Amino acid sequence: MNFEMTDDRRMLAESLSRFLNDACPIEARATLAYESPFHSKQAWDGLVELGALYALVPEARGGMGGTGFDIAVVFEALGRALCPEPMLPALMAAQLLAAADRTLEPLLSGLRYAVGIGELDAPYDLETIATSARLNGDSWTLSGRKSVVYGGGVAERILVLARAEGALALFEVDADVADITPYGMIDGGPAAEIFLDDAPAEMLLPDAKAAARTALDAGVLALSAEALGAMQTATDMLTDYLKTRQQFGQKLGAFQALQHRAVTLMIEIEQARSSVILAADALGEDKQSYRISQAKHLVGIIARQVSEETIQMHGGIGITWEYPLAHYAKRLVMIDHQLGDTDHHLERLMGEIIDG
């Protein structure tokens with residue numbers, strides 16, 4: 001396996017980084033991500049114009065990428081900038097729409113989608129989804145509640161997984177027919193509770209379990225790569241701090257104990273990077289799908305370690321609102337709980353290994 005990025009992906013990463021440095025500086029992000037609508041429409045429009053969404057979609061579906069490595073490049077850049085734009089639901093929606101053989105042109109042009117999968121009693125498990133679909137003549141209606149729907153508060157269309165005639169089916173609803181309660185997550189960024197009460201819907205895929213699993217795997221890979229970018233930035237901030245902050249007449253970086261702790265974090269991040277690379281290579285490969293859970297489980301553990309260690313070595317300033325590190329730490333902790341925490345993915349990983 002070649003661990004080096006291609007020239008095209010390197011150019012994509014550099015272009016995204018330059019754009020995000022201007023469109024989503026940490027000073028602005030610390031305000032916009034925590035106030036309604038919990039993202040910047042200008043930044044979203046800029047990402048669309050830049051073609052970031054096209055990098056998430058295969059050429060056969062009108063995009064210019066769509067591989068696991070393309071997804072990882074985009075989301076690592078988003079993680080470095082701590083960007084709160086709803087790119088995750090766009091990625092998952094692209095996967096689901098492609099599986100349903102629907103056009104992706106509206107999505108690629110900037111139409112905002114949300115994906116309603118998780119529920120209060122089924123945050124991660126597809127088998128226990130309770131939202132139901134009912135056929136009335138030639139029309140479908142949906143009833144149920146979808147929880148912590150990322151991007152739900154700013155979505156124009158919502159893709160919903162619901163039970164229909166014994167199968168897990170995929171439906172599309174207009175956002176204006178659902179009762180949506182938007183909010184910002186604890187780390188910033190748009191989410192929502194979506195209540196459906198006989199909401200009119202269009203069935204896109206009558207048996208969507210396999211498509212849902214593929215979309216979730218793509219989302220898990222994206223979150224793992226995002227965490228990788230955030231962890232790298234947090235340790236870069238720590239390195240700069242240890243080089244400049246003085247205590248007892250010398251720089252903190254001169255203390256060997258802190259050197260060892262900082263180097264340990266760097267080693268752990270490289271281990272996480274290797275796991276994300278394996279997961280990117282495995283995306284779409286049924287026999288290697290356990291690599292996705294393997295990466296999310298490992299990244300969740302290391303992300304928490306990076307959050308705790310970088311804040312502790314910074315001292316009190318590390319938890320202040322004005323200092324960027326606190327926001328990176330919150331995002332890293334929240335990533336562990338999106339689309340399955342470390343315990344969930346360890347259980348899935350072990351199950352797939354045992355089942356062969």
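**Salt bridges and a buried serine**

R348 forms a salt bridge with D217, with the closest N and O atoms 3.0 Å apart. A salt bridge here is a side-chain nitrogen of Lys or Arg within 4 Å of a carboxyl oxygen of Asp or Glu. The pair links distant parts of the chain: R348 sits in helix α11 (residues 342-355) and D217 in helix α7 (residues 209-244), 131 residues apart. Helices (H or I, at least four residues) and strands (E, at least two) are DSSP runs, numbered from the N terminus. Both R348 and D217 are buried. Buried means under 20% relative accessible area, exposed over 50%, and partly exposed in between (1.4 Å probe, protein chains only). Salt bridges that share partners also join E76, R80, E270 and R273 into one network.

The model is predicted: local features need pLDDT of at least 70, side-chain atom pairs count only at pLDDT 80 or more, and totals for chains, interfaces and linings use all residues. Residues are numbered from 1 along each chain as its sequence is written, and side-chain values use heavy atoms, with hydrogens and water left out.

Across the whole structure, 18 salt bridges are found. One of them pairs the side chains of R134 and D198 (3.2 Å, N to O). R134 is partly exposed, at a relative accessible area of 46%. D198 is also partly exposed, at 37% relative accessibility.

Another salt bridge joins the side chains of D174 and R157 (3.3 Å, N to O). D174 belongs to strand β5 (residues 167-174) and R157 to strand β4, so the pair ties together parts that are 17 residues apart in sequence. D174 is partly exposed, with a relative accessible area of 39%. R157 counts as partly exposed because its relative accessibility is 27%.

S147 lies in the loop between β3 (139-146) and β4 (157-164). S147 counts as buried because its relative accessibility is 9%. Its side chain makes a polar contact of 2.8 Å with the side chain of E193. A polar contact is a pair of N or O atoms within 3.5 Å; within protein, one must be able to donate a hydrogen and the other to accept it, and residues adjacent in sequence count only if both atoms are side-chain atoms. Neighbours within four places in sequence aside, S147 is in contact (heavy atoms within 4.5 Å) with G118, E119, L120, A192 and E193.
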